[in-house]
Amino acid sequence: MTTIEHLTERTPSVSVDELLDGFYPSPRFAGVSFSSYRPDPEQPSQEHAVRELERFAARIDHPEPSMLRKILGAKKPSGPAGVYLDGGFGVGKTHLLASLWHAVDGPKAFGTFVEYTNLVGALSFRKTVDALKTYKLVCIDEFELDDPGDTVLMSRLMRELADAGVKLAATSNTLPGSLGEGRFAAVDFQREIQVLSDQFEVIRIDGEDYRHRGLAEAPEPLEESELEAGIEEHFASDTVAVDEFDALLQHLSGVHPSRYRQLLDGIDAVAWRTVRTIEEQSVALRFVVLADRLYDKDVPIIASGVPFDRLFTEEMVAGGYMKKYYRAVSRLTALVREGQKGEAS
């Protein structure tokens, strides 16, 4: 029998330790490793990336003894403070970043760029530094350059962590059309992270960009009268969060994005009534964070209203946050195809 809940009735209270405990790869990458990555034999940079990351992991777990560094006259450990995986979509950057995280003994953290900025917003900058500087490795997936304020914030955070001896690893997140050929070039990373640029080893990963084919077509939404039957048909023994879309948007404004992961705890699927196009940028950006957490947890969706390829206005999709909205539409479309058609997301 289906258990019905409502996200609009949840307001998670999360401690600092609970927030930090959430910084690990999503279930999609829970079991990945360097050995499970399948390099394209026609793209030698992919095999090269695996070898370089394996060496980086070994340097983290078996650092050069401090006495030897003193004898050699070195002030800091040899090797780069961090690695940056530079490549297009669909070449396995997140797979490799998660593999690095799994390969290194703790303490360690893995999260997206947005999750780290949200962590700073929830804890304060200084408390975030104090918490993360005790880690051996901090992995930052989907580094974004579309918000100058957040970029400066993360640059400062990474600089302080590197100065504390924390090893760093990052990937980029860029859609075709936003930066030239659709790649986040190393020079762009170095321009924004000037102080750190000479401490990062840039590892380029070439390969076919699977997203050049465009977004998958969003399935037709259900009629209002079909939602209840759809819930019983597809999620007969699951816990489903059923909410009016406008009420959910309003509720999200009162829940800090750093708590969206906990907002979804125990939820197997979601059903939204009367989805509409979001016209307010701040509301849309909050919803993008929820979309990412739903995708991380592989929570299928059924919905009525407008299809998800009409979730954001044309002006938003063509604006400075284009890559965020494209990613959200792509992920939500995959989840609604899973929910309504049974297709793997």
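Trainee: Which residue forms a salt bridge with aspartate 298?

Mentor: Quick housekeeping before that: this is a predicted model, where local features need pLDDT of at least 70, side-chain atom pairs count only at pLDDT 80 or more, and totals for chains, interfaces and linings use all residues. Residues are numbered from 1 along each chain as its sequence is written, and side-chain values use heavy atoms, with hydrogens and water left out. A salt bridge here is a side-chain nitrogen of Lys or Arg within 4 Å of a carboxyl oxygen of Asp or Glu. For aspartate 298 the closest N and O atoms are 3.3 Å apart, and the partner is arginine 28.

Trainee: How many residues apart in sequence are the parts that aspartate 298 and arginine 28 tie together?

Mentor: Helices (H or I, at least four residues) and strands (E, at least two) are DSSP runs, numbered from the N terminus. Aspartate 298 sits in the loop between α12 (281-296) and β9 (301-305), while arginine 28 is in the loop between α1 and α2 (44-61), so the parts they tie together are separated in sequence by 270 residues.

Trainee: Is aspartate 61 buried or exposed, given its relative accessible area?

Mentor: The scale is relative accessible area with a 1.4 Å probe, protein chains only: buried is under 20%, exposed is over 50%, and partly exposed is in between. The side chain of aspartate 61 meets lysine 136 in a salt bridge, 3.0 Å from N to O. Lysine 136 has 25% relative accessibility and counts as partly exposed. Aspartate 61, at 19%, is buried.

Trainee: Why are glutamate 160 and arginine 156 separated by about one helical turn?

Mentor: These two form a salt bridge, with the closest N and O atoms 3.7 Å apart. Both lie in helix α7 (residues 148-163), and the separation is about one helical turn because they are four residues apart.

Trainee: Which residues do salt bridges that share partners join into one network?

Mentor: By the salt-bridge rule, the count comes to 22. Some share partners, and the network joined that way is Glu115, Arg261, Arg293 and Asp296.

Trainee: How much space lies in the largest cavity?

Mentor: On a 1 Å grid over the protein atoms alone, a cavity is a set of points where a 1.4 Å probe fits but cannot get out. Points are joined across faces, edges and corners, and the volume is the space filled by probe spheres set on them. Searching the whole structure turns up three cavities of 30 Å³ or more. The space in the largest is about 120 Å³.

Trainee: Which helices each supply at least two residues of the lining of the largest cavity?

Mentor: Lining residues have an atom within 4 Å of a point. Among them are Glu18, Phe23, Asn118 and Arg293. The helices that each supply at least two are α1 (16-21), α5 (113-123) and α11 (260-263).

Trainee: Which backbone nitrogen does the side chain of aspartate 268 reach?

Mentor: Aspartate 268 is in the loop between α11 and β8 (269-275). Leaving aside neighbours within four places in sequence, its contacts (heavy atoms within 4.5 Å) are Asp238, Thr239, Val299 and Pro300. At 2.8 Å, its side chain reaches the backbone nitrogen of threonine 239.

Notes. 1 Å grid on protein atoms, 1.4 Å probe; cavity = no way out; pocket = protein on both sides within 12 Å on 5 of 7 lines; lining within 4 Å. Polar contact = N/O pair within 3.5 Å; in protein donor to acceptor, adjacent residues only side chain to side chain.
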